Structures are given as structure tokens and as C-alpha cells.
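Please read the following account alongside the sequence and the coordinates.

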Amino acid sequence: MKTWIPMLILLIAVIGLCAWDGVHTNRVFERLENDSMAIYEKVLSTDITDENLQEQIKNLDDYWTEKMDILCISISRKDLQVVSDYLQYLYSAMINENQEDAITYSRILAYNIKGLNQTNGIDVLNLL
């Protein structure tokens, strides 16, 4: 009986951690997907020198930098590196005021985030 109590506590802790990680990952990727699509749509219609657009890009970069380390608990850093790379390319296009590169990199960024969300998010297909 004494061994069942620690095993039960450990089981509850592991299940709690898995549930928290799944919900957290889902929330982060939903926000990233929404923000990256908003940036892509805005880059198509607005000049890259627009301060509001630049602020959105900076905020997305800050948010990603903050959340990436936590996501590494359950997702390989190698898989997450693609998002970091294209986010930095987009940031560089903003600094260089290159509209064409900004359009390209914002689209690729949104595509990669959507793909990561589908492969790592809570979804019925992932349970199969």
C-alpha cells in the first residue's frame, strides 16, 4: 500500500504536466498563427515602413523569443528553429525596407507556423 501512494502522486503529476503542456502549446501556436497571418495580410496591403506593421513584427519576435524555450519541453528545438529563422528574415526585411522579401518571408513564416501547429497541436489526427 505504501508504494501505491507515491506512484499515484507521480502519475497525477505526469498527467498534469502533459495536459498543461498540450494546452500551453495549443495556445501559443494559435496566437502565433493568428499574428503571422495578420502580418502577412498587412504586408500585402501596407508598406513595410509602416510603424504599426513594424511594431507587430517586433511584438511577434518578442513573443516567440519568450515562448520558444518553454515549447522545447515537448518539441525539438530543431523543429522550432525554422520559425526562428524566418522570423529573423522577416525582421531583416523590415530593417532593410525590402517589401518583396517581407511578403515572401511573412508567407513562409505563416506556413511553417501552421504546419507546426497541425503536427504538434491537439488534434484528432495526431491521436491516430
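Threonine 104 lies in helix H4, a segment that covers residues 99–120. The model in which it is seen is a predicted one. With a relative accessibility of 41%, threonine 104 counts as partly exposed, because that category takes in values between 20% and 50%.

Leaving aside residues up to four places away in sequence, serine 106 touches Ile39, Tyr40, Val43 and Leu90. Leu90 belongs to helix H3 and takes part in the contact of that helix with H4, as does Ser106 from the H4 side.

The packing of H3 against H4 can now be described as a whole. The two helices pack at an angle of about 160°, and their axes are 9 Å apart. Since an angle over 145 degrees counts as roughly antiparallel, H3 and H4 are therefore roughly antiparallel to each other. The crossing in which H3 passes H4 is left-handed. On the H3 side, the contact is made by Asp79, Leu80, Val82, Val83, Tyr86, Leu87, Tyr89, Leu90 and Ala93. On the H4 side, the residues are Asp101, Ala102, Tyr105, Ser106, Ile108, Leu109, Asn112, Ile113 and Leu116. Sorted by class, this contact has 14 nonpolar, 2 polar and 2 charged residues.

The loop between H3 and H4 holds glutamate 97. What is the phi of this residue? Phi of glutamate 97 is near 55°, a positive value in a residue other than glycine. Most residues other than glycine have a negative phi. Glutamate 97 has a relative accessibility of 52% and therefore counts as exposed.

Helix H3 also packs against helix H2. H2 spans residues 51–71 and H3 spans residues 77–96; they meet at an angle of about 160°, with axes 10 Å apart. By the angle criterion, H2 and H3 are therefore roughly antiparallel to each other. Their crossing is left-handed. From H2, the residues in contact are Gln54, Ile57, Lys58, Leu60, Asp61, Trp64, Met68, Asp69 and Leu71. Their counterparts in H3 are Arg77, Leu80, Gln81, Val83, Ser84, Leu87, Gln88, Leu90, Tyr91 and Met94. By class, the contact of H2 with H3 has 11 nonpolar, 4 polar and 4 charged residues. Leu80, Val83, Leu87 and Leu90 of H3 are listed both in the contact with H2 and in the contact with H4.

In one of them, the rings of tyrosine 86 and tyrosine 89 have their centres 5.5 Å apart and their planes at 75°, so the pair is edge-to-face. Both tyrosines lie in helix H3, 3 residues apart, which is about one turn of the helix. Tyrosine 86 has a relative accessible area of 23% and is partly exposed, and tyrosine 89, at 41% relative accessibility, also counts as partly exposed.

How far apart are the ring centres of tyrosine 89 and tyrosine 105? They lie 5.1 Å apart, with the planes at 40°, so this pair is tilted. The pair links distant parts of the chain, as tyrosine 89 is in helix H3 and tyrosine 105 is in helix H4, 16 residues apart. Tyrosine 105 is partly exposed, with a relative accessible area of 23%. Through these ring pairs, Tyr86, Tyr89 and Tyr105 are linked into a cluster.

Helix H1 remains to be mentioned. This helix covers residues 4–45, and methionine 7 has its place there. Methionine 7 has a relative accessible area of 49% and is partly exposed, because exposed residues are those over 50%. The C-alpha atoms of methionine 7 and glutamine 99 are separated by 57 Å, with the two residues 92 apart along the chain.

How values were computed: Residues numbered from 1 in each chain as written. Predicted model: local features only at pLDDT ≥ 70, side-chain atom pairs only at ≥ 80, totals over all residues. Heavy atoms only, no water. Axes fitted to C-alpha atoms, helices over the stretch in contact; angles between N-to-C directions. Helix = DSSP H or I, 4+ residues; strand = E, 2+ residues; numbered from the N terminus. Parallel < 35°, antiparallel > 145°, perpendicular 65-115°, else oblique. Left-handed = near helix turned anticlockwise from the far one by under 90°. Contact = heavy atoms within 4.5 Å. Nonpolar A, V, L, I, M, F, W, Y, C, P; charged D, E, K, R; others polar. Phe/Tyr/Trp six-rings, centres within 6.5 Å; stacked < 30°, edge-to-face > 60°. Buried < 20%, exposed > 50% of the residue type's maximum accessible area, 1.4 Å probe, protein only.
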